[in-house]
Amino acid sequence: MTNLAGANEAGSGSLTQDLIAVVDAFDLGEVTEAPQYLADGLMNRNWRISTKRGAFAVKQILDVPLDAARRNLGTLSGLAANDIPVCTPMISTSGDTVAEIEDRGYCVIEWVDGVHVRGRDLRLDQASGLGVRLGHIHQALAASPPAPVPAAPPTAEVTPAAQAAQKADGYLTTIAALDAQTSFDMSVAELLEQRKQLLAQHADDYPLSEVPAGPYGWTHGDFQYRNVLWRDGQVAAVLDWDRLRVRPYAEEVARTAQVQFGVDGRFDLERVQAFVAGYRTVIDLPAEALDDGVRRLWWKRLTDFWQLSFHYKRGDHGCDGLFLDDEALLHWWTARLDQVQAAMRG
């Protein structure tokens with residue numbers, strides 16, 4: 001085995017102590033290079049390792065229960081059979097896709113070369129192709145589901161504006177009580193006051209029903225640039241199936257459009273439109289379902305503070321930049337609700 005002293009200690013975490021056990025569990029062979037920590041992952045820890053058998057991606061599973069991770073990894077073979085570009089999960093010597101080392105769980109997939117491409121860096125035809133790919137994923141999951149789709153549609157909690165304003169006040173109280181405020185704390189306090197103003201202005205614009213409109217089924221759950229690899233202008237692999245779940249299709253379409261094309265505090269509406277149009281060539285979602293999906297997502301962003309929960313309650317600062325970026329997008333979006341909704345119809 002290679003000397004681990006060269007590993008990226010800033011992100012190596014438990015892999016420094018668990019590398020040998022992980023390699024042995026999946027029979028990966030002798031390690032030839034120090035593990036490379038992959039900083040793009042936000043919810044789990046990921047590394048690239050090279051052995052005499054080849055290159056692999058190792059994930060420490062933090063964001064979902066291990067049994068759910070096993071279910072999700074087990075879905076990939078069915079997706080591959082339906083021509084979805086997924087990475088092959090390695091099977092451990094005990095016949096499992098997840099290795100448990102003390103209280104830590106790991107999975108390993110074959111390495112796929114490619115790049116992550118965000119927002120305006122995609123050509124219009126690639127944005128459309130990304131929508132087509134998402135439609136094919138939904139079709140493949142319907143053909144080979146992890147479990148039967150419930151007869152009743154999923155519901156979506158609608159947070160009242162007053163309750164969201166109370167959460168904002170809670171974080172403002174937390175910041176005010178700090179012994180020393182960082183520049184991030186001061187920016188958050190200012191943005192929270194602005195968010196409260198938006199909530200007051202739009203308190204009556206909430207979705208009227210907790211049952212989203214349109215068809216639903218198994219969805220990827222986090223289909224966006226961090227989890228899509230491109231090579232030679234085509235999608236080479238779709239990664240990270242941790243959030244595989246039954247949802248309204250319009251919810252995933254809207255969320256992907258937001259994360260992929262909500263860049264630098266604004267939507268690239270031309271690419272949003274191309275993406276949704278591409279999706280609708282595969283699954284023709286009704287316009288009313290898309291309208292409902294994008295309005296629900298906007299309300300969720302208006303009333304949610306999940307990045308601040310990570311920062312102030314968990315001590316995890318990895319999503320700080322997302323809060324600042326998403327806040328700028330929220331204000332731009334709120335001022336152009338009709339334009340964004342029109343683009344989301346494809």
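Visitor: Is aspartate 240 buried, partly exposed or exposed, and what's the number?
Guide: Aspartate 240 is partly exposed, at 22% relative accessible area. The cut-offs are under 20% for buried, over 50% for exposed, and partly exposed in between, with a 1.4 Å probe and protein chains only. Keep in mind that this is a predicted model, where local features need pLDDT of at least 70, side-chain atom pairs count only at pLDDT 80 or more, and totals for chains, interfaces and linings use all residues. Residues are numbered from 1 along each chain as its sequence is written, and side-chain values use heavy atoms, with hydrogens and water left out.

Visitor: Where is the place of aspartate 240?
Guide: In the loop between β8 and β9. Strands here are DSSP runs of E with at least two residues, helices are runs of H or I with at least four, and both are numbered from the N terminus.

Visitor: What's phi doing at aspartate 240?
Guide: Phi there is positive, about 55 degrees, although aspartate 240 is not a glycine. Most residues other than glycine have a negative phi. Glutamate 102 also has a positive phi, near 55 degrees. Glutamate 102 lies in the loop between β4 (99-101) and β5 (104-110), and is exposed with a relative accessible area of 69%.

Visitor: Switching to charges: how many salt bridges does the structure hold?
Guide: It holds 20 salt bridges, each being a side-chain nitrogen of Lys or Arg within 4 Å of a carboxyl oxygen of Asp or Glu.

Visitor: Which residue does aspartate 240 form a salt bridge with?
Guide: Lysine 59, with the closest N and O atoms 3.2 Å apart. Lysine 59 sits in strand β3 (residues 54-60) and aspartate 240 in the β8 to β9 loop, so the pair ties together parts that are 181 residues apart in sequence.

Visitor: Which other salt bridge does lysine 59 form?
Guide: Lysine 59 forms one with aspartate 242, where the closest N and O atoms are 3.2 Å apart. That pair links distant parts of the chain, 183 residues apart, with aspartate 242 in the loop between β8 and β9. Lysine 59 is buried at 11% relative accessible area, and aspartate 242 counts as buried at 9%.

Visitor: And what meets arginine 195 in a salt bridge?
Guide: The side chain of glutamate 327, at 2.7 Å from N to O. Arginine 195 is in helix α6 and glutamate 327 in helix α11, so this pair ties together parts that are 132 residues apart in sequence. Arginine 195 is buried at 2%, and glutamate 327 counts as buried at 3%.

Visitor: New topic: how many residues does helix α9 have, and what does it reach end to end?
Guide: Helix α9 (residues 287-303) has 17 residues and reaches 24 Å from its first C-alpha to its last, close to the 24 Å expected. That expected span is 1.5 Å times one less than the number of residues.

Visitor: Why is α9 called largely enclosed?
Guide: Because 12 of its 17 residues are buried. Among them are Trp298, Trp299, Arg296 and Arg301.

Visitor: What covers the buried residues of α9?
Guide: The cover includes α5 (161-176), α6 (183-201), α7 (249-261), α8 (269-280), α11 (320-334) and α12 (337-343).

Conventions
Contact means heavy atoms within 4.5 Å.
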